[in-house]
Amino acid sequence: MQQVLAMIYLWLKAGHLIFVIFWMAGLFMLPRFFVYHQEAPLGSPENAVWVDREAKLMKIIMWPSLIVVWVLGLALAMSIGAFAQGWFHAKLALVLALTGYHFWLANYAQMLAAGQRRLTGRKLRMLNEVPGIAAALIVILVIVKPF
């Protein structure tokens, strides 16, 4: 198995990065959608449009990307023996945190669809910074491998 992974390493890496970009785009877009959604009156046609947009973003881009990122990422980690390296443990912790954030966003989308608006637009805008900070840290860990 290790030899097969080594032979397709660059393809795994390219695929992983492509789907990370798709996933991150969704993680940036969805909270912004929430801000606009919360400004729409409950029960209005505009509210229904935002519910549909959020559901499509999750179903078409975010969930498939999340799955592919994990599958290819774990395959890459196996191919280079990353499980024994400290930088990878830190990266994995950040990816787990982003995955938790993804699930939280999915839950908040369901709450908005049900008419529950628990966060302010300001808080949602602040939450929109989470994936950017995590991505910057992950890139540093992967490129620099500080430990």
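## Exercises on a predicted helical model

Asp-52 counts as partly exposed, at 38% relative accessibility. Keep in mind as you work that this model is predicted.

**Exercise 1.** Find which side chain meets Asp-52 in a salt bridge, and describe the setting of the pair.

*Solution.* Start with the partner: Lys-56 and Asp-52 meet through their side chains, at 3.2 Å from N to O. That distance qualifies because the cut-off is 4 Å. Next, look at the spacing: the two residues are four apart in helix 3 (residues 45-80), about one helical turn. Then check Lys-56, which is partly exposed with a relative accessible area of 45%. Finally, count: the structure holds one salt bridge.

**Exercise 2.** Classify the ring pair of Trp-63 and Phe-103.

*Solution.* The structure holds eight aromatic pairs. In this one, the ring centres are 5.0 Å apart and the planes stand at 70 degrees, so the pair is edge-to-face. Trp-63 is partly exposed at 27% relative accessibility, and Phe-103 is partly exposed at 47%.

**Exercise 3.** Work out how helix 2 and helix 4 cross.

*Solution.* First, take the axes of helix 2 (residues 9-39) and helix 4 (residues 86-113): they come within 11 Å and cross at roughly 35 degrees. The crossing is left-handed. Next, list contact residues, among them Trp-23, Leu-27 and Phe-34 of helix 2 and Leu-98, Tyr-101 and Leu-105 of helix 4. Last, sort the contact by class: 14 nonpolar, five polar and one charged residues.

Technical notes:
Residues are numbered from 1 along each chain as its sequence is written. This is a predicted model: local features need pLDDT of at least 70, side-chain atom pairs count only at pLDDT 80 or more; totals for chains, interfaces and linings use all residues. Side-chain values use heavy atoms; hydrogens and water are left out. Axes are lines fitted to C-alpha atoms, for helices over the stretch in contact, and angles run from 0 to 180 degrees between N-to-C directions. A crossing is left-handed if the near helix is turned anticlockwise from the far one by less than a right angle, and right-handed if clockwise. Contact means heavy atoms within 4.5 Å. Ala, Val, Leu, Ile, Met, Phe, Trp, Tyr, Cys and Pro count as nonpolar, Asp, Glu, Lys and Arg as charged, and the others, Gly among them, as polar. Buried means under 20% relative accessible area, exposed over 50%, partly exposed in between (1.4 Å probe, protein chains only). Rings of Phe, Tyr and Trp (its six-membered ring) pair if their centres lie within 6.5 Å; planes under 30 degrees apart count as stacked, over 60 as edge-to-face and the rest as tilted.
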